[in-house]
Amino acid sequence: MSAAAEALARAFAPAAEGEPAWLAERRLEGLRLFEAAGLPHTKLEDWRFTSLDALESLELEPAPEAAPVDSGLADAVRAEVGPALCALFVDGREREIPAGEAEGISLEPLTRAAGNDALGLQGRLGALADPKRRSLTALNAALFAGGASLEIAADARPERPIHLVWLQSDGAHAAHPRFAIRAGAGSRACVIEHYVSGPGARGLCNPVTEIELEPGARLDHVVVQDQSGDVFQLGALAARGERDSELRTTSVALGGRLGRWDVYGTLAGEGARLELNGLYLARARQLLDHHTTIDHAAPRTTSEESFKGILDGRGHGVFHGRIHVRPDAQQIEAAQTHRSLLLSDQARINAKPQLEIYADDVRCSHGATVGQLDVDQLFYLRARGLTLARARALLTFGFAREICERIPLAPLREALERRVLNWLPAGDDA
Amino acid sequence: MSPSQEIEKLAEREYEHGFVTAIESDTVAPGLDEATVRLISEKKGEPEWLLDWRLRAYRRWTEMREEDARWAKVAFPPIDYQAISYYSAPKPKKQLESMDEVDPEVRATFEKLGIPLQEQKMLSGVAVDAVFDSVSVATTFREKLAEKGILFCPFSEAVKDHPELVRKYLGSVVPYSDNFFATLNSAVFTDGSFVYVPPGVRCPMELSTYFRINEANTGQFERTLIVADEGSYVSYLEGCTAPMRDENQLHAAVVELVALEGAQIKYSTVQNWYPGDKQGKGWIYNFVTKRGACRGRRSKISWTQVETGSAITWKYPSCILQGEESVGEFYSVAVTNNRQQADTGTKMVHIGKNTSSTIVSKGISAGHGQQTYRGLVEVNRKATGARNFSQCDSLLIGDRCGAHTFPYIESRNASAKIEHEATTSRLADDQLFYCRQRGIDTEDAVALLVNGFCKEVFRELPMEFAVEASKLLEVTLEGAVG
């Protein structure tokens with residue numbers, strides 16, 4: 001194991017007081033798996049373009065139990081979302097959790113929920129985010145502190161969105177946020193996850209989110225990765241949709257020194273639908289990497305995936321999208337697109353859309369493009385008096401906006417559009 | 001006939017070209033070590049430098065592991081490289097002066113395959129360099145080509161007569177250390193074809209070679225080298241058939257193409273090796289390294305392939321686009337049926353400015369066939385204005401087959417424009433219905449639709465091959481759908 005991996009594993013402590021025995025066993029199993037596999041490296045096909053070598057130079061420490069936080073940062077993020085049921089977590093541990101019982105929601109620390117046998121977390125935790133598949137998930141399983149469990153009751157329709165702010169404290173800390181969501185049959189809800197940090201943060205954030213959708217459940221899920229420029233964000237999402245369920249996940253990745261997101265979506269029941277949208281903006285020496293796997297395990301399931309990346313400076317984008325259709329999963333519709341825009345000659349993109357089809361009655365497609373702004377469109381705008389910088393900014397914004405538009409919540413959508421505008425090379429001019 | 005009956009009929013179809021020719025042959029005992037490499041080199045009367053090159057390759061090969069070449073989506077049992085005989089040649093009876101002197105049995109074999117050399121010579125104007133197992137037995141049209149200064153000869157002859165050309169270009173596109181199978185080939189290759197087209201010459205005819213694997217238990221290690229000098233043009237056809245076999249046969253060929261400034265090479269392949277019977281016996285494994293380098297400005301290399309045979313196809317004809325404004329093309333139709341597996345595609349490496357590439361891949365999967373398109377489009381930092389368009393479509397016939405697409409797209413240049421699209425679907429019921437409603441029976445309708453699906457590739461084939469290609473497709477797939 002590398003020095004960084006050893007440092008990470010050293011943070012392992014026997015289960016905290018009050019944790020059930022099964023959880024302690026899981027943690028030990030996670031540690032064992034992580035120690036066996038170590039941190040991912042570029043010899044692995046899935047990590048070919050994403051080197052974690054820079055992690056080695058960080059002297060990672062476990063996050064302290066009650067790190068001081070900048071309340072202004074949390075408030076700013078809250079303001080972006082507007083009225084919501086908002087919970088704040090620092091380094092994965094709960095700081096503030098509102099009560100949502102009235103709206104059919106139960107949100108509590110995961111370590112506490114684990115002791116509640118009625119929730120059945122023993123059988124659920126790690127069932128979707130398999131620690132054997134990904135060593136970072138194993139590490140999370142071993143080390144997560146606090147965490148969150150969200151239960152949306154059957155047929156519940158909470159009016160307000162549920163907003164989780166995962167704040168990374170300053171310093172070279174390693175945090176492992178863990179989130180388990182279960183959307184009850186026929187429920188409708190919106191969950192927003194914000195991963196943020198202040199300028200002093202330069203550690204590792206290793207979150208794992210598991211989402212279960214019971215029959216007929218519908219969930220809008222938004223993930224915003226807006227870490228400071230020195231944070232390594234290595235996250236995973238594992239979701240499973242039962243019959244007629246619908247999950248719509250939209251991700252916006254703006255920050256971090258290195259951002260990686262592994263998504264595993266399983267369409268397990270007939271009529272299930274998954275929509276996966278993503279926008280990532282990388283510049284300077286940022287590397288943003290998205291790996292998605294959509295598994296059509298049942299007939300008549302639908303997936304729609306659309307990712308866009310904008311790369312400036314020495315920004316490096318990696319996209320790997322895999323659609324898997326199992327034998328006998330007939331009448332599948334799967335569409336995937338990945339489009340990227342390179343704004344500088346130093347920028348770089350590696351894309352690998354991938355179809356694996358083992359059934360015949362399917363309609364699957366993928367499309368990938370890499371390009372720059374259209375010369376004719378630029379000319380059109382300039383002919384109407386826009387400066388080149390403004391014309392470029394306008395077209396780049398238009399490119400990004402297509403994904404922003406899929407965010408269901410108007411205040412957040414507008415806030416993110418402003419963020420995109422500010423990000424643009426000539427944004428202030430526009 | 002009902003669809004299921006038709007599928008059954010198709011599944012039970014025996015390999016048409018399965019027959020064995022009884023010819024005395026000069027075969028080396030199985031096994032591979034330095035002595036084998038030296039023996040091959042000695043039998044071919046090779047110069048010292050080539051032996052050295054082979055030995056370097058052999059030593060490198062011993063350090064390589066086959067596992068490292070197993071990344072492709074194909075499954076096969078371990079290959080015992082020591083159980084393969086690395087050299088087999090029909091015993092030379094005497095120097096051949098004309099077609100009439102070719103072994104009558106060899107000629108009869110070609111007749112059975114529908115490749116009458118004489119007729120081709122007379123009617124189609126195709127020069128045929130027939131590679132029978134590993135040694136070329138007959139070469140035609142040499143004089144006519146010689147008039148134009150074009151060299152078209154067996155590789156071994158080129159080594160003797162034009163060592164300076166061979167030495168300059170051999171291994172310059174596919175280095176001997178390239179990959180497990182190419183390295184093995186570099187160590188033990190027996191023969192192949194060599195083409196050199198001098199500056200400004202347009203080759204007046206399609207150059208064609210038919211390969212046959214004839215001797216049981218002998219791997220075929222062909223080496224083809226085509227050099228198109230400045231401003232020249234050549235079209236090369238390669239076609240393969242092989243007799244039925246019970247033992248696994250390994251084929252690891254290497255093809256290198258070099259196009260200098262303004263030169264164009266068109267390389268077309270129809271591959272129909274024995275894919276194994278229903279139980280998967282008698283397979284031929286086809287691990288081929290094909291690569292072309294567009295060295296000069298405005299050079300062009302175009303690969304067209306129709307792959308219907310082999311148990312395993314592992315093949316990625318590639319283009320290294322070094323010259324400014326050079327063009328790479330890849331057109332492919334691959335069919336997998338029964339238990340066939342194909343992992344094929346292309347690499348387009350854009351190095352020079354304003355280079356462009358086109359990829360059109362059509363995969364058809366039936367029965368238990370597994371098919372993968374694997375491709376790379378790489379745009380280097382200096383390849384300003386590079387352009388790529390890729391289209392990969394898969395057609396599924398039956399619910400036990402698989403179709404997979406793994407395109408790698410890597411761009412380091414902001415002015416590059418890359419488009420990739422892929423679709424996977426089954427043969428449309430409504431289109432079949434439409435045809436049948438108008439009195440076209442299912443079999444013809446399927447042939448019509450599949451041919452339509454492959455049209456974009458077939459029209460890139462030279463006339464001589466287009467006929468064979470659609471015939472092959474008909475044989476392989478006709479009636480496979482209901």
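Which residue in E24(B) is the bridge partner of Ala368(A)?

Mentor: The partner of Ala368(A) in E24(B) is His420(B). This is a predicted model, in which local features need pLDDT of at least 70 and side-chain atom pairs count only at pLDDT 80 or more, while totals for chains, interfaces and linings use all residues. Residues are numbered from 1 along each chain as its sequence is written, and chains are lettered from A and ligands numbered from 1 in the order in which they are written.

The bridge belongs to a pairing (at least two DSSP bridges between two strands). E22(A) runs antiparallel to strand E24 (417-426) of chain B, and eight bridges join the two.

Now widen the view to the whole meeting of the chains. There, 30 residues of chain A are in contact (C-beta atoms, placed from the backbone, within 7 Å) with 30 residues of chain B. On the chain A side, two or more residues each come from strand E21 (348-357) and strand E22 (362-371); strands are DSSP runs of E, at least two residues long, numbered from the N terminus. That side of chain A is made up of 14 nonpolar, nine polar and seven charged residues.

Eleven residues of domain 1 of chain A touch eleven of domain 2 of chain A. Strands E9 (188-197), E12 (218-226) and E14 (246-253) of chain A each give at least two residues to the domain 1 side.

Definitions and conventions. Contact = placed C-beta atoms within 7 Å. Helix = DSSP H or I, 4+ residues; strand = E, 2+ residues; numbered from the N terminus. Nonpolar A, V, L, I, M, F, W, Y, C, P; charged D, E, K, R; others polar.
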